[in-house]
Amino acid sequence: MVLCGALMAPATAHACAVCLTGAGNDSVADAFNLSVLFLMATPYTVVGAIVGWLVYANRRSAAKAKSEDGGEPLASLASLQKENGR
Amino acid sequence: MLRWLPEDVSTYGHEIDSLFYLIYYITAATFILVTVLMVVFLVMYRERPGRRAIYSHGNTTLEIIWTIIPAAILIVLSFMSVNTWAKLKSEVPPSDFAIQVTAKQFNWDVFYPGPDGKLGTQDDIRFDNDVHVPVNKVVHIHLTASDVIHSFFIPNLRFKQDAVPGRTVTGWFEATKPGRYELPCAELCGFGHSGMKGWLHVHNAEDYAKWAAENLASKQQ
Amino acid sequence: MARNSTARRLDETAPAAPGKRLEFGGGEPPAPPVRPNRPIGSNAWLATLMFLGAEAMFFAGLIGAFIVFRVGSAIWPPPFQPRLPVGITGVNTVILVFSAVTMHAALRSVRAGATARVSRMLAVTAVLGGVFLLIQGYEWAQLIHFGLTVSSSVYGGLFYTLIGFHALHVAGALIWLALVFIQAKSGRFSKQQHTGLRICVMYWTFVVALWPILYGLVYLY
Amino acid sequence: MSQTVAAGATHAVHGHHEELGFWRTYIFSMDHKMIGRQFLFLGLFMLIIGGLLAMMVRWQLAWPETPVPGLSAIPEPYMYEGIIPPQTYNALFTMHATIMIFFVVMPIMVGCYGNFLIPLMIGTRDMAFPLLNMLSFWVGAVAGVIMLSSFFVVGGPAAAGWTGYATLSAKAAYTGVGMGQNLWIISLLVLGISSLMGSINYITTIVNMRAPGMTYFRMPLTVWSLFVTAILLLLALPVLTAALAMLLFDRTLGTSFFLPEGGGQPLLWQHMFWFFGHPEVYILVLPAMGVTSDLLSTFSRKPIFGYHAMAFSMIAIAFLSWIVWGHHMFISGMNPLLGTAFMMTTMVIAVPSAIKVFNWLGTLWGGNIRLTSPMLFALGFVSNFLIGGLSGIFMASTPVDIFIHDTYYIVAHFHYVVAGIIFALFAAVYYWFPKMFGRMMSEPLGKIHFALTYLFFNLTFFPMHFLGVGGHMRRIYNPTQYEFLQPLQDWNVFITISALLLGLSQVPFLINFIWSLFGGKKAERNPWQANTLEWSAPTPPPHGNFEVQPTVYRGPYEYSSPEVKEDWLPQDKPLAKGAAVRGH
């Protein structure tokens, strides 16, 4: 993230008034920027929501299972959570 | 492979080319390294009866090394590219020479300012497929299209910009050598895509003045 | 490396401290005893969750397009286009949101074992969904009458596409709900076994939850 | 066992013991193995069509406007006594790309091997939803029929490129293609439904139905790659569906989402298309990477180098693939700042790919390498992916991309990546053929096939870099129209001859495939002495796959383990006494 910021800095500095592309119709350029940001964020939101739900359901069913048979939690599930943590 | 690059006649072309060369050398070295190693491994470790493969699941140190080295190289390349990119796209040198190019199926309509000295007015002077510019002068090109997306490509100038209908995109170049350079369309624009081409004529100052007197001034009166 | 590898047998004791974290390039959590992997939930539930993810991305695509046009235009709605009926749709929003409440009441009832209440609640939900669609249809008829059509402007096109696809989803959800209602009537769902009802509730909730977002974007923004 | 386990298990255990009729066995089969075979045949059939289209494109580029031999029967205006007109030429490369991407690589790598391998490799009896699985194939087949039918409608098939850039694709007047383009859109919409059903099925199966002991990090990398691919498909395709729906509305209902005269934005199509299109590239290449990893380990008789790094790099590729799409649009006139951002993410995504290549090298190191035909093809994939990956760095750098964008450099790059997948595809066919059809393929023919394919593949696609460096635009009908391309025309002829020979090199494969189906040597259960679970099932696996539910004791790559005297150690082979029963 820091790196991205560092890389963006020179480009931002150069963003002058007569920026070549989108000159004249800035609102359209802004609209595209916003839309791009929105589209970039959605897959992570959707994956995050689904994985979050799965982890929640998983914890719940693991807790249920624990109360049912008293066994130790499965390691496979532990590794699942790590993988979901991506 | 590098000798196939078209002759560079623009002020910024050498920056693109040197980035190209740099990436070329890096990738060629990587390619040779990996290929040689692969061939050596294939020969050295080919199946021989009675031999057993080394039982190893990996080496974390090695893996960290070959993660960090490519990452570092790519970051350096990014930094170098960002500077050139900003120079081409954001730090536009000012100029009093501007023309407008409207792409349509399957022609380049080139407009020069008419008597009022402004572009985009009724009295603009139009040429088909021929762009005339003086040498050593920054040229601004206002690009647009009237039907589908085209791409204004002058290989010798290392200049390429899509012309998008409904938008005007401005590009710039400065040619350093008089001559006649081909100007193809680089974006698929229909069945006539392939024949859609024009010429960029770069004149020295006198020739340009002569051309302008004949073709622009005469129409301005 | 081999010691930390995936090769370790299940009954072998872990070499390092228990609960060791995954390492880059090797290493493994303590081996589990051999037992079936516990499913996270029923297959149908999981599949519905995946399906809803895909649906969310579909609408995200449409919303991304909407943003381009909405943020990109200074005047919205465009001139000479009818305004959307914010008030009546607001009422409609409340109706639809309430249908989600009754739908969840059905789910709670089945979990509590109150089977009679389940089909009653499903019927109420279906009626509310039907009313929502009817009001939408009436609105559409009015808007077309006032000259808002798919081809009258991007505004019209976006409105009918976004709201239309949502309406299609509500209609689809209604058909599904009708099937679930028949199943509920014939006593298919019990306190223990009601996956069919549960996934229908999930889908219904998704369709309802989507609506306020679309309402906010298309009608209010 | 809890309630949910029982629910999950009932889906898997649907004991059809009665004999199924012809239709239920071969046509409307719900058995994942038969569906996999059906996808394979669909893909191979389409491969022939897509390949022939490419040959016609190449003919035109080498010898422009001369009659293509044997095609004089095609009527005007599609062909003029065997001469390809520009309109038809555009349709040819559009359909070549569309068919190769959507109806060859996806059905075979994702459809066929996903279906065939996932249940076998994770040790379960079938997919989570067999009916959905069958529908997925048949809906996909319908999409293929729709796509092929567009060859026979007035105006011919779609001619706006496989990317279908608006506004060219948004109005019939711009290309002269009416119904053909609509059918192209509809076919891809239908195919989207098929892929959605497939990917939901894959994810559910992998998450819920793994055999006892099969933890996520004991799954073969093929399964990992298919898992990640399914997630990408699930979330990327719907956006294409939305864009296609809008494009179809533009063409048929009179909306103007992409047409500027009605207030539309042509660039919006590019954003939505590449939002799907870039993950799509990884959808195509990840399964190839997974298969290659499995094969390199098996035939090096050595554990894969850095299993976790391999799995995590696939996850990283998937994670990053959502934020790089703009690198397809550097010269489209988008905000230069966005260009900078997209360049950086693109540079970052090269790192996990590099990790994979180095780890493959590490796998070869110190192995005991058996150069069988599947291994040769897997190595061919690595070598081509290396070139394709490295040439990608050129276009990631925005300034360099200004020059090489839309030139043959791009064509060379993506053929090394996407057409390079064909090597992993052939590797998979040779490797799993015994398990799929119960017979071995001929090794000598396979090696001849590899040698010819590898040679002519490189002779075809490597010179395209030279063309690209010379500025040769892609998708042009006649390169001889341009003065600056005259010196490069000899390369075009060279490439075409190589491409024709590349096509001919597939004859040994066809012979081998068809002959082996009926007359190949009967395959034993584990002919490659491999570790993964599919090899402990009978050959070919019966309905229900395994005689007994396999239990997994270790990772999939325990080759040359010191614990046993032979150099492989199957995942389900118990070593210590009592290990198999513990926990039951």
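**Labels and their grounds**

Modeller: Start with C:Y221. Leaving aside neighbours within four places in sequence, C:Y221 is in contact with C:F66, C:R70, C:V71, C:W76 and C:G216. Contact means heavy atoms within 4.5 Å. This is a predicted model, where local features need pLDDT of at least 70, side-chain atom pairs count only at pLDDT 80 or more, and totals for chains, interfaces and linings use all residues. Residues are numbered from 1 along each chain as its sequence is written, chains are lettered from A and ligands numbered from 1 in the order in which they are written, and side-chain values use heavy atoms, with hydrogens and water left out.

Colleague: Why is C:Y221 called partly exposed?

Modeller: Buried means under 20% relative accessible area, exposed means over 50%, and partly exposed is in between (1.4 Å probe, protein chains only). C:Y221 has 44% relative accessibility, so C:Y221 counts as partly exposed. C:Y221 sits in the segment after helix 5 (195–220) of chain C. Helices (H or I, at least four residues) and strands (E, at least two) are DSSP runs, numbered from the N terminus.

Colleague: How far apart are C:Y221 and C:G72, in sequence and in space?

Modeller: They are 149 residues apart in sequence and 13 Å apart in space, C-alpha to C-alpha.

Colleague: How confident is the predictor in chain C, by pLDDT?

Modeller: pLDDT is the predictor's confidence in each residue, from 0 to 100. Chain C averages 84, and 84% of the residues score at least 70. Residues 1–32 of chain C stay under 50. For that stretch the model has 84 contacts beyond four places in sequence.

Colleague: What makes helix 14 of chain D mostly covered?

Modeller: Helix 14 spans residues 408–419 of chain D, and 11 of its 12 residues are buried. Among them are D:Y408, D:I410, D:H413 and D:V417.

Colleague: Which residues form the nonpolar patch on the surface?

Modeller: D:I497, D:L501, D:L504, D:V507, D:I511 and D:W515 form it, with about 560 Å² of accessible area together. Helix 17 (489–504) and helix 18 (507–519) of chain D each give two or more residues to the patch. Patch residues have over 30% relative accessible area and no salt bridge; like charges are joined within 9 Å, nonpolar side chains (Val, Leu, Ile, Met, Phe, Trp, Tyr) within 5 Å. Accessible areas come from the Shrake-Rupley method with a 1.4 Å probe; for residues, only the protein chains shown count as cover. D:W515 lies in helix 18 of chain D. At 49% relative accessibility, D:W515 counts as partly exposed.

Colleague: How do you know that B:K104 and B:D109 meet in a salt bridge?

Modeller: A salt bridge is a side-chain nitrogen of Lys or Arg within 4 Å of a carboxyl oxygen of Asp or Glu. Here the N to O distance is 3.2 Å, so the pair meets the rule. B:K104 is partly exposed at 27%. B:D109, at 7%, is buried.

Colleague: Why are D:K447 and D:E443 separated by about one helical turn?

Modeller: They are four residues apart in helix 16 (residues 443–469) of chain D, so about one helical turn separates them. An α-helix has 3.6 residues a turn, so residues three or four places apart point the same way. D:K447 and D:E443 form a salt bridge, their closest N and O atoms being 3.6 Å apart. D:K447 is partly exposed at 36%, and D:E443 is partly exposed at 24%.

Colleague: How many salt bridges cross the interface of chain B and chain D?

Modeller: The rule finds two. The side chains of B:R180 and D:E483 meet in a salt bridge, at 3.9 Å, N to O. Over all chains, the search finds 17.

Colleague: What area is buried between chain B and chain D?

Modeller: About 7,700 Å², of which carbon and sulfur atoms give 69%. Buried area is the accessible area (1.4 Å probe) that two parts lose on being put together, summed over both. In chain B, B:W4, B:W85 and B:L188 lose the most area to chain D, together 10% of what that side buries.
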